[in-house]
Amino acid sequence: MLTKILIANRGEIAVRIIRACRDLHIQSVAIYSRADKDSMHVKMADESYEISDDPLRGYLDSDLIVEAALKFGVDAIHPGYGFLSENATFAKKVQDAGIIWIGPNSEVIAKMGDKNQARAIMQKHGIPVVPGTEPLNELSIEEISKIAQKIGYPVILKASAGGGGRGIRVVEKESELAESFNACKREAMAFFKNDDVFMEKYITNPRHIEFQILADNYGNTIHLLERDCSIQRRHQKLIEIAPSPLISEDLRRRMGATAVAAAKAVGYTNAGTVEFLLDDFNRFYFMEMNTRIQVEHGVTEEITGLDLVGRQIRVAGGEILDLNQSDIHAQGYAIEARINAEDVSNDFVPNPGKITTYYPALGPFVRVDSCIYKDYVIPPFYDSMIAKLIVRASSYDLAVNKLARALQEFTIRGVKTTIPFLKNICHDKDFRRGDFDTSFLEQKITSLIPESSENSDDLVAAIATAIAVRCGA
């Protein structure tokens, strides 16, 4: 069993990993950049070390992190999500240093991180993929245009090394192709240092369905059911649901079996996610595989009763998976809402600053994964997500009710957040019916934006408190 783990990340996922370590009686080591000196994960870890005064270097310099891991005598490194979590070079450096990498091996990360290579592997093993191409960089715009016409508009351009909604352009007609291709290449180079771009047929208004995979080091692989991640803005997920409210048992069985086959095709180990696009005719297509823990792993934990981060650590420590596919059953429905420090009325621009009031939602089957606290100052250098609100209930309808209630109670002041926007989604009749696809927010965004970025309910509560105090004086 592992005894000491370095967490190569920050924020709520670092806090989540520390808690899993404590549950398993494993020492945790937090590394951080100076901007994070007051962060919760730094306060919670058994050991914490500042390794850089640069806001990003402490989380993106693989040599610096491996050097720290050796210095502090850890058995393993958990990369969390984001930053270097899907960086095959980093994973290999960790493994070459004799440190256990909590995730799949570096070769698998490299294969699945290159979307063209991943597509080729899936096609070889009979996994359905969206019709598309190899990288187009060596071709002229005229040649690319002919391919697009053959595939049929609309098409989507994607960075081969992309992820997180970056390096993607939907092209509706030929006149947009050249500009979109060049913009996609620029963004790919800026974010991934690799400007390879390929093309796929754009599946209009699909559902985004992903299956959680768990595999040990001995060939045992299962899925832990699916999550519906269709509620997204600019390819960034905002709400995730497990299981999907509109998938039949037969379709779930077929998609789950395909996800397991995809994982086995690359010799996958540890936790990962196989993502599919599902069209109006219930045809599904492999999109990509995320070789790390997902932001939305909590909804899977809630419906299965399994600690996914704990399982990651146990598998990396050499344990044999003590679960069969027949052991996995959904216990109701779980929904996660990502709460971001953003000004919704100003095109969702990040809104870092000091948290002056913090009252997270409570109650039965309500969970908050977060890294903030009262008087914490959100730094401007990182992702704007500050909390994840997760609820569970016996039915989808009751889960939506519980989410709406929990959002009503959740109070954060000092910075603007997406809570009012999320509450409006809960009240939308189509969302309540489970009738949505990836176009949901694009079509409804105007009606879902709150009239004011200020939370009027907070104002009413503050006035009521003031009156109560005055009357009691």
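This is a predicted model: local features need pLDDT of at least 70, side-chain atom pairs count only at pLDDT 80 or more; totals for chains, interfaces and linings use all residues.
Student: Why is N116 called buried?

Tutor: Buried means under 20% relative accessible area. N116 has 5% relative accessibility, so N116 counts as buried. You'll find N116 in helix α7, residues 115-124.

Student: What makes the link between the side chains of N116 and S160 a polar contact?

Tutor: Check the distance: the cut-off is 3.5 Å between N or O atoms. The side chains of N116 and S160 are 2.6 Å apart, and they make a polar contact. N116 also touches T133, E134, P135 and F198, leaving aside residues up to four places away in sequence.

Student: Okay, on to the sheet. What is the order of the strands in the open sheet?

Tutor: The eight strands run β13-β12-β9-β10-β11-β14-β19-β18, with antiparallel pairing. From one strand to the next, the twist averages 25°.

Student: Why are β13 and β18 called edge strands?

Tutor: Each of them pairs on one side only. That is what marks β13 (284-290) and β18 (366-370) as the edge strands.

Student: How do you know that β9 and β12 pair?

Tutor: Two strands pair if there are at least two bridges between them. Strands β9 (residues 207-215) and β12 (residues 270-278) have nine bridges, in the antiparallel sense. For instance, Q212 has T273 in β12 as its bridge partner.

Student: What makes the pair of F211 and F276 edge-to-face?

Tutor: Two values matter here. Ring centres must lie within 6.5 Å, and planes over 60 degrees apart count as edge-to-face. For F211 and F276 the centres are 6.2 Å apart and the planes are at 80°, so the pair is edge-to-face. F211 lies in strand β9 and F276 in strand β12, so the pair ties together parts that are 65 residues apart in sequence. F211 counts as buried at 0% relative accessibility, and F276 is buried with a relative accessible area of 0%.

Student: Why is the pair of Y396 and F431 called edge-to-face?

Tutor: Try the angle again: over 60 degrees counts as edge-to-face. The planes of Y396 and F431 are at 65°, with 6.2 Å centre to centre, and the pair is edge-to-face. Both rings belong to a cluster in which ring pairs link Y333, Y396, F431, F436 and F440.

Student: How do you know that the charged end of R207 sits over the ring of F436?

Tutor: The distance limit is within 6 Å of the ring centre, and the charge must also be within 35 degrees of the ring normal. The charged end of R207 is 4.8 Å from the centre of the F436 ring, and R207 does sit over that ring.

Technical notes: Residues are numbered from 1 along each chain as its sequence is written. Side-chain values use heavy atoms; hydrogens and water are left out. Helices (H or I, at least four residues) and strands (E, at least two) are DSSP runs, numbered from the N terminus. Axes are lines fitted to C-alpha atoms, for helices over the stretch in contact, and angles run from 0 to 180 degrees between N-to-C directions. Buried means under 20% relative accessible area, exposed over 50%, partly exposed in between (1.4 Å probe, protein chains only). A polar contact is a pair of N or O atoms within 3.5 Å; within protein, one must be able to donate a hydrogen and the other to accept it, and residues adjacent in sequence count only if both atoms are side-chain atoms. Contact means heavy atoms within 4.5 Å. Rings of Phe, Tyr and Trp (its six-membered ring) pair if their centres lie within 6.5 Å; planes under 30 degrees apart count as stacked, over 60 as edge-to-face and the rest as tilted.
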